[in-house]
Amino acid sequence: MTTRQQVAAAARVVVKVGSSSLTSLDGGLDHARLDALVNALAARRGSGSQVVLVSSGAIAAGLAPLGLRRRPRDLATQQAAASVGQVQLAQAYAASFARHQVPIGQVLLTADDVVRRAHYRNAQRTLARLLALGTLPVVNENDTVATDEIRVGDNDRLAALVAHLVGADALVLLSDVDGLYDGDPRQPGSTLLPEVDDPAELYGVDTGRPGQSGLGRGGIRTKIEAATMAACAGIPVLLAAAENAALALDPAEAGPKVGTAFAGSGQRLSARRFWLRYAADVRGQLHLDEGAVAAVLDRRRSLLAAGVHGVSGDFVAGDVVDLVGPYGVVVARGVVAFDAAELPALIGRRTRDLPPEYRRELVHADDLVPLRGS
């Protein structure tokens with residue numbers, strides 16, 4: 001089965017739509033475009049798939065009601081626009097989905113909900129229950145209370161995280177770009193890349209273009225990062241234009257020839273390992289010698305004190321730390337078993353030479369995920 005066929009056949013699909021696909025600078029929400037998107041989502045749901053929508057647009061939707069002519073730069077006005085716009089957006093989705101007798105549930109997430117392990121599991125349970133109850137979850141970052149989380153690309157990354165949270169079979173990223181090109185699509189000679197079988201194929205491809213409308217936060221780079229994140233966790237991805245949503249989501253097409261398809265190139269990670277790799281808030285670093293790097297990466301062993309020669313950061317037992325190799329490259333990430341203040345007296349020493357209460361792993365293999373060689 002091809003990647004496009006996998007997307008078409010997915011029993012559970014996460015769809016992300018960007019601000020520029022739903023709104024305009026002078027008119028707030030574009031209800032015609034929103035209805036067209038909802039029609040495509042409802043049709044996919046009607047075919048038997050479960051659908052989760054990750055929708056940008058709260059800040060953009062709040063501009064017109066507040067009399068703002070452009071996206072504000074200061075945080076307080078961004079949050080005010082999000083507060084007003086989130087209501088507008090939720091009401092518009094509820095009314096549009098009601099035409100298809102589809103109930104929706106709003107889920108607003110902050111960085112804590114995907115960075116902190118307990119919050120991550122709670123979000124996972126909530127989304128699973130909404131789907132079990134026959135509801136279509138509409139997810140957005142909670143920009144009303146976000147601080148430094150309001151930055152370029154959050155909802156692209158959020159969509160990849162949500163795809164793993166709900167155990168999605170596919171991720172569809174819809175925006176104002178119709179796929180990934182080998183150069184700037186505005187320039188003659190640029191060619192659409194229909195398939196990406198391995199993220200390594202993207203080396204040298206120009207992914208630095210900003211978004212086209214000025215309403216959204218991201219650009220093609222954030223979408224490629226999100227697609228790569230999901231694909232490396234085994235989730236096939238389709239990047240397509242929002243105006244092609246009906247084709248991108250139609251299972252009858254059995255692999256629609258729109259956009260760029262990213263093959264799920266990696267193994268499915270457990271929720272805990274995915275959280276560690278992509279969502280955890282890293283508090284410090286442990287610096288490893290070559291023997292410890294080999295044990296962690298090649299033999300998938302726990303990290304012992306003898307293989308560590310340096311510590312940086314201010315962390316406590318239970319925090320997440322990066323494991324750094326001899327050349328400064330982060331090779332793994334894991335949950336540390338000791339406070340930073342305890343480690344200087346332990347590192348570089350064999351386990352049997354430590355006091356009895358300290359004779360355990362610094363990072364257990366079950367709490368560790370390789371970032372290189374995996």
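A residue is called buried here when its relative accessible area is under 20%, exposed when that area is over 50%, and partly exposed in between (1.4 Å probe, protein chains only). By that criterion valine 321 is buried, with a relative accessible area of 0%.

This is a predicted model, in which local features need pLDDT of at least 70, side-chain atom pairs count only at pLDDT 80 or more, and totals for chains, interfaces and linings use all residues. Residues are numbered from 1 along each chain as its sequence is written, and side-chain values use heavy atoms, with hydrogens and water left out.

## Overall composition

The protein chain holds eleven helices and 15 strands; helices (H or I, at least four residues) and strands (E, at least two) are DSSP runs, numbered from the N terminus. Of its 374 residues, 50% count as buried. The accessible surface comes to about 16,300 Å², and carbon and sulfur atoms contribute 49% of that area; the areas come from the Shrake-Rupley method with a 1.4 Å probe. Contact means heavy atoms within 4.5 Å. Among contacts with a separation of 6 or more, 73% link residues 24 or more positions apart.

## Valine 321 and the strands around S13

Valine 321 lies in strand S13 (residues 320-324). Leaving aside neighbours within four places in sequence, valine 321 is in contact with Val282, Gly284, Gln285, Leu286, Phe315, Ala332, Arg333, Gly334 and Val336. Its C-alpha atom is 8.4 Å from that of aspartate 281, a residue 40 residues away along the chain.

In a regular strand the side chains alternate between the two faces of the sheet. In S13, Val320, Asp322 and Val324 point one way and Val321 and Leu323 the other way, and all are buried. Because five of the five residues of S13 are buried, the strand is largely enclosed by the rest of the structure.

Two strands are taken to pair if DSSP finds at least two bridges between them.

| Strand pair | Sense | Bridges | Example of bridge partners |
|---|---|---|---|
| S11 (residues 282-288) and S13 | parallel | five | leucine 286 and leucine 323 |
| S11 and S12 (residues 308-313) | antiparallel | five | leucine 288 and valine 308 |
| S13 and S14 (residues 330-335) | antiparallel | five | aspartate 322 and arginine 333 |
| S5 and S6 (residues 136-141) | parallel | six | leucine 109 and glutamate 141 |

Valine 282 is also bridged to S13, with valine 320 as its partner. S13 and S14 form a hairpin with five residues between them, and glycine 328 in the turn has a positive phi of about 80°.

An open sheet of eight strands has the order S5-S6-S4-S1-S7-S9-S10-S8, with mixed pairing. S5 and strand S8 (195-196) stand at the edges with a single partner strand each, so one side of each is left without a neighbour in the sheet.

A nonpolar core is a set of buried Ala, Val, Leu, Ile, Met, Phe, Trp, Tyr and Cys residues joined through side-chain atoms within 4.5 Å. The largest core has 47 residues, of which Val14, Val139, Val162, Val166, Leu171 and Phe262 touch the most other members. Elements giving two or more residues to this core include strand S4 (50-55), strand S5 (104-109), helix H7 (154-165) and strand S7 (170-175). Not counting residues up to four places away in sequence, valine 14 touches Val52, Val54, Ala159, Val162, Ala163, Val166, Ala168, Ala170, Leu171 and Val172. A second, separate core of 33 residues includes Val13, Val15, Leu34 and Leu238.

Helix H8 has 13 residues and reaches 18 Å from its first C-alpha to its last, close to the 18 Å expected at 1.5 Å a residue; the expected span is 1.5 Å times one less than the number of residues. Ten of the 13 residues of H8 are buried, so the helix is largely enclosed by the rest of the structure. Alanine 231 is found in H8 and is buried, with a relative accessible area of 3%. The C-alpha atoms of alanine 231 and leucine 171 are separated by 9.0 Å, although these residues are 60 residues apart along the chain. Just after H8, glycine 234 takes a positive phi of about 90°.
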